Amino acid sequence: MELYSGAKIRGFVHLYIGEEAVAVGVNQALREEDAVVSTYREHGHALARGVSADAVMAEMYGRATGCSRGRGGSMHLFDATHRFYGGNAIVAGGLPLAAGLALADRMRGSTRVTCCFFGDGAFAEGEFHETANLAALWRLPLLLVCENNLYAMGTSLAREHAQTNLAMRAASYGMPAWTVDGMDVLAVEAAALRAAESVRAGNGPHFLEAQTYRFRAHSMYDPDRYRAKSEIEEWKGRDPLKGLAELMRSEGQLDDRVMEELDKEVLAEIDQSVQRAEKAPLEPVSDLLRFVTSETGGAA
Amino acid sequence: MSTRKAPTGTSRPTTYREALREGLREALLQDERVFLMGEDVGRYGGCFGVSLGLLEEFGPDRIRDTPLSESGFVGAGIGAALGGMRPVVEIMTVNFSLLALDQILNNAATLLHMSGGQLSVPVVIRMTTGAGRQLGAQHSHSLEGWYAHIPGIRVLAPATVDDARHMLAAALADPDPVLLFEHGSLYNAEGSLDATVDAVDLDTAAVRRPGTDVSVITYGGSLPKAMAAAETLAGEGISAEVVDLRTLRPLDDATVMASVGRTHRAVIVDEAWRSGSLAAEISSRITEQAFYELDAPVQRVCSAEVPIPYARQLEEAALPQPATIVDAVRRAVS
């Protein structure tokens, strides 16, 4: 956020602060060979998937070392080696893609899972419903994870949905659908694991609604006038990071010294990725037209 | 990409529809990653009969009927391509493809660039285009020029049985998304399929009829009309060269400019609306690249600026016809 204010990072940036338990919990339940399709609020998903902080930071700086070589920016992080398929700025646009990835696996008899993250806003788009229908009809190995953070930009769930029980609506397509506390990483992991295993076992798509909240505005341009301060403070009281730390302390798995070290480690990693991004080369303007079509040629 | 073999005279009559089906069948036989999906492609046999019989031969896994959800199944085709398959997606008509425009433009055409070269999308999307069958505005438009506007995709318009037979294989060999526009009025058209041709080159336009007085530049469903016009003009002593673009993106400027360099006059026939059309683009390129070769202003024959009407006489009047092409050529050579 400071880098954005300092004009080091530009464009739309959608912070994930407050929703971390969802990305971490779900990715804990996934395997290396699985695929992840994400949205424009995907920094958390990318990092939890294993994409390096260096590659993410450099991309936000628009550098050649960025995970999308400066073509994507904050909203379009990609990493083929981690099967991380973005990074989609069109709400619900990633859902059909995820169904297709799952279809490819299903047609080849693979047991891989494709996981698609999207928000409550995407639930109002036709593409969610087209995908849910297709995935259930064809029993695709797809894990649909709806991050319900209660707001589609500035529009609250109740103002955009005639029926706000999302899991019930997903279940109407004939797929198992569960709701989980998206502020509790252990609960998310347990639910995601159960869902992913069932998907892997060939039981078709599963839907998981994680009830969560973003502590920051929709994007860096959002004045956030549509939410009561008290509501934000109330949710901050359920901070997933603090919640996990408290639980671990109470069970004797964490103390002040370890916590301090962890904080230091995280800050050092961020600091290092910022420094590396600052020093990284720019993608040359002479390469502007690269990657519009493949460079391997059209030979079979 | 393989080159065209010299014809040896072995040829057989085939319809455009059958040629497309042969191309599909060959692709399905040759590569297990290839599958066809779309509305009514299976049990129904394709709404234009292109995939008739393929379900029986290849089964429902590879000849896959989809719900009426263009965005969903076109997006799934793109995802399956990302996942290593070689999907051929059929959309009934170009008008319906607008429901999938988000997936085609924002994903298929864009993912390779946005991902810095990591994710190529080898999907082929087939659809019908064009008017002439009294189907009314929502089944009759020619919007391939809109798609030709988009970087990152290849746009094909087979006009002959040879192209209908072989373009699919070339499209599937392309690592990037390819859109194939089949003109609805061509499905029943019979042609002589050259048995010695086993591949087509997607990078070059074809001179279908050599001439010396004027270049008639066209593609797809307008090609037979341009050929008929050229025949009429030959009777009047005007020698028209007919250029079939075949690939609408990327355009083969070299063939077009070479033709204009020979004839010094150009008439562009494009069934889309004139404003902001592919015809406008080609005219502009001729002005940019071959202005001093021109002996007359470039002429354009396009559809009337009206949603294509149902009534036969209105529809006919809205579309380019051999007679209107003849008139435009006369204006160019006068």
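Helices (H or I, at least four residues) and strands (E, at least two) are DSSP runs, numbered from the N terminus. This is a predicted model, where local features need pLDDT of at least 70, side-chain atom pairs count only at pLDDT 80 or more, and totals for chains, interfaces and linings use all residues. Residues are numbered from 1 along each chain as its sequence is written, chains are lettered from A and ligands numbered from 1 in the order in which they are written, and side-chain values use heavy atoms, with hydrogens and water left out.

**Exercise 1. Backbone features**

Task: Find where Gly87(A), Pro250(B) and Asp40(B) lie.

Solution. 
- Step 1. Gly87(A) sits in the loop between α4 and α5 (94–107) of chain A. The peptide bond that joins Gly86(A) to Gly87(A) is cis, with omega near 15 degrees.
- Step 2. Turn to chain B. Pro250(B) belongs to the loop between β12 (247–249) and α10 (253–263). The bond from Arg249(B) to Pro250(B) is cis, with omega near -5 degrees.
- Step 3. Asp40(B) is in the loop between β2 and α2 (54–58) of chain B. Its phi is near 65 degrees, a positive value in a residue other than glycine.

**Exercise 2. The largest pocket**

Task: Describe the largest pocket and its lining.

Solution. 
- Step 1. On a 1 Å grid over the protein atoms alone, a pocket is an open set of points where a 1.4 Å probe fits, with protein on both sides within 12 Å along at least five of seven lines; lining residues have an atom within 4 Å of a point.
- Step 2. Take the volume, the space filled by probe spheres set on the points, which are joined across faces, edges and corners. The largest pocket holds about 2000 Å³.
- Step 3. List the lining. There are 46 residues, and Glu20(A), Leu47(A), Leu241(A), Val266(A) and Ile270(A) lie nearest the centre.
- Step 4. Trace the elements. Helices of chain A that each supply at least two lining residues include α2 (20–29), α3 (43–49) and α11 (240–250). The largest share, 10 residues, comes from α12(A).
- Step 5. Sort by class. Ala, Val, Leu, Ile, Met, Phe, Trp, Tyr, Cys and Pro count as nonpolar, Asp, Glu, Lys and Arg as charged, and the others, Gly among them, as polar. The lining has 31 nonpolar, six polar and nine charged residues.

**Exercise 3. Chain B against chain A**

Task: Describe the contact of chain B and chain A.

Solution. 
- Step 1. Count residues in contact (heavy atoms within 4.5 Å). Chain B gives 43 residues and chain A gives 38.
- Step 2. Take the buried area (accessible area, 1.4 Å probe, that two parts lose on being put together, summed over both). The two chains bury about 3200 Å², 64% of it on carbon and sulfur atoms. His113(B), Met114(B) and Gln118(B) supply 18% of the area that chain B buries against chain A, more than any other three residues.
- Step 3. Look at the elements. On the side of chain B that touches chain A, α3(B) gives the largest share, 10 residues. That side has 17 nonpolar, 18 polar and eight charged residues.
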